[in-house]
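Hello,

Here is the structure I promised to pass on. Please have a look at it first, and then read my notes below.

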Amino acid sequence: MNKQPLLLCVSIFLILVLVVTGLVVTRRFGGRSSLDLDYDAEVDVENVGNVTAATLWDLHRDIKTKNKFKIYLFQVLNPQAVLEGENPELKEAGPFAYNQKKTRVTLGIYEESDTVRYKDHVTYHFNQAESKGNDSDIVTIINMPWVGLAQEVSRMSAFSRFIVMAIVSRYSESVFMTRPVGELLFGGFYHELISTFSGITGETYMPNNTFGFLYGRNDTFLDSREVNLGLKNPLHFGHTRKWKGLKEMEWWSRPNSDDSDWFDEESSEDKHKNTCNQISESSDWSLFHPGINKEEYLSVFADDLCRNLKLSFEKEVNLQGVKGYRFTVPRSEYGNPKNHPENSCYCTQPGEDMEDCPHDGVYQINACQKAASVLISHPHFYNGDKTYLQNVKGLNPKLEHHQTFIDIEPITGQVLRYAKRAQVNLHLRPLKSITEFNKVPNMIFPVMWTEETAEMDDDALVELKAKLAGKKFTFSGFQPPVLVNHLGFMSSDSERSRFWMGVTGGLLILPVGLVGLFLALKGTNWSSKFSHPNDTEGVEFTEMLTEGQTSTEIV
């Protein structure tokens, strides 16, 4: 029995197995495992050397998004009852919606450090169509300036407190105030009591002694940032190097580090102080490196919140046909320091054994703001300790309305949309030295919350779709990280091990198939393939091959 045909078939089969295995391995693990997309990307790196920091920055300078800003005020329905010690009954007033426009102004581009420095100019225009009410509406909310000032006064010596209260008594301030929405937001109103108190202490508590949640924030520049452009290391693209000229924040530090036995011994005070004050690896919510994967944490610097926020992958999303990864703020970010020691630096008034730190879902902001009793949380205490909800009526936390998130197209790192949401609260507590505060409940009192959203506009989305569909990205905005991604961004060790197992298996199959093919070809009588019993030309052709003549000699 002639075994050559069988050997030939087996060899070809093994080589086909190798080819198919290679295709599967490349498609499954060659950068797709972490991205899990329906397309493969190739990268054109021919012009990498010709790209400058200026040309790369031009691609990211214009913010092509639709931006909205909404604010909600917590109207107090039973102010007199609260003064008698009852829990407040609140009703959400709003939203008061604004169209937000951001224009990025470049201050300097630095080739040597691979950075750019810029400021965002922001304007707000009232959007009546998306608002529930208007800025002339009258609301009753907690008197944030007076409550904060009263708590400062309560900490003074008896003599100083007597003098200050003698002055304060000339003003008709109350725990609650009734004002037009416009004054409470961007308009602001002159606060005589704060002006007088500022004159006594020499401290500036408010710009122009004027109170308004957003006073002085319209048609203005945000603080300057210097960020990495990623020319030297694309994975550093968008990382903040400096904010307001600072390499790190200066106000957060961990208290009671010497005598707290609950703290993890493997973590040092300096480590957590640096973590809380860190700026260097954070983004400004708009610039992220290409090749995002599900296992990494994204760091964003929220200057209004005076801190970094760590975001983790939650789920895959889709925006008009473009796949993205959603990253959200995990519960641990606002966790109580006893259970999450890394948050200890955010508790600025801890007590002896951290017993005075807020529960889960709330943190103090007084270290960077001159507002000792102000605390930050998610809206409606979403993801917060249940006791906060038990102390107030009228709140209803919901993920879809109160979660902070960001959706990113993972190959390019471009932001598809985000929602930044935060609530401002006051620590209201009884004060024996001030009559009006004698009976008020001891609680975290919601004041207002804001929602800033951005979504890639239609033209930018069409352009992004076209680039993704083209399956070939140039340095301009996409650059070598996509190439690195084919092996460098596999999402886990197990996937990397399976990749190399596939490669090893393919390499073992290859020599077996080649040897079998060689033996099969060597034993085959090729003369029968080119001759026929009645074909003399075929015989001559076979004889010429046997004698070693070439095809050119035949011709």
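**Aromatic pairs and charges over rings**

A search of the whole structure finds 16 aromatic pairs (rings of Phe, Tyr and Trp, its six-membered ring, with centres within 6.5 Å; planes under 30 degrees apart are stacked, over 60 edge-to-face, the rest tilted). One of them is Trp285 with Tyr418: the ring centres are 5.8 Å apart and the planes lie at 50°, so this pair is tilted. Trp285 is in the loop between helix H8 (269-277) and strand S12 (298-302), while Tyr418 belongs to strand S18 (residues 415-428), so the pair ties together parts 133 residues apart in sequence. Helices (H or I, at least four residues) and strands (E, at least two) are DSSP runs, numbered from the N terminus.

Are these two residues buried or exposed? Trp285 is buried, at 3% relative accessible area, and Tyr418 is buried too, at 8% (buried is under 20%, exposed over 50%, partly exposed in between; 1.4 Å probe, protein chains only).

The charged end of Arg179 is 3.9 Å from the ring centre of Phe189, and Arg326 lies over the face of Phe405 at 3.7 Å.

**How to read this**

This is a predicted model: local features need pLDDT of at least 70, side-chain atom pairs count only at pLDDT 80 or more, and totals for chains, interfaces and linings use all residues. Residues are numbered from 1 along each chain as its sequence is written, and side-chain values use heavy atoms, leaving out hydrogens and water.

Best wishes

Definitions and conventions: A charge sits over a ring if NZ of Lys or CZ of Arg is within 6 Å of the ring centre and within 35 degrees of the ring normal.
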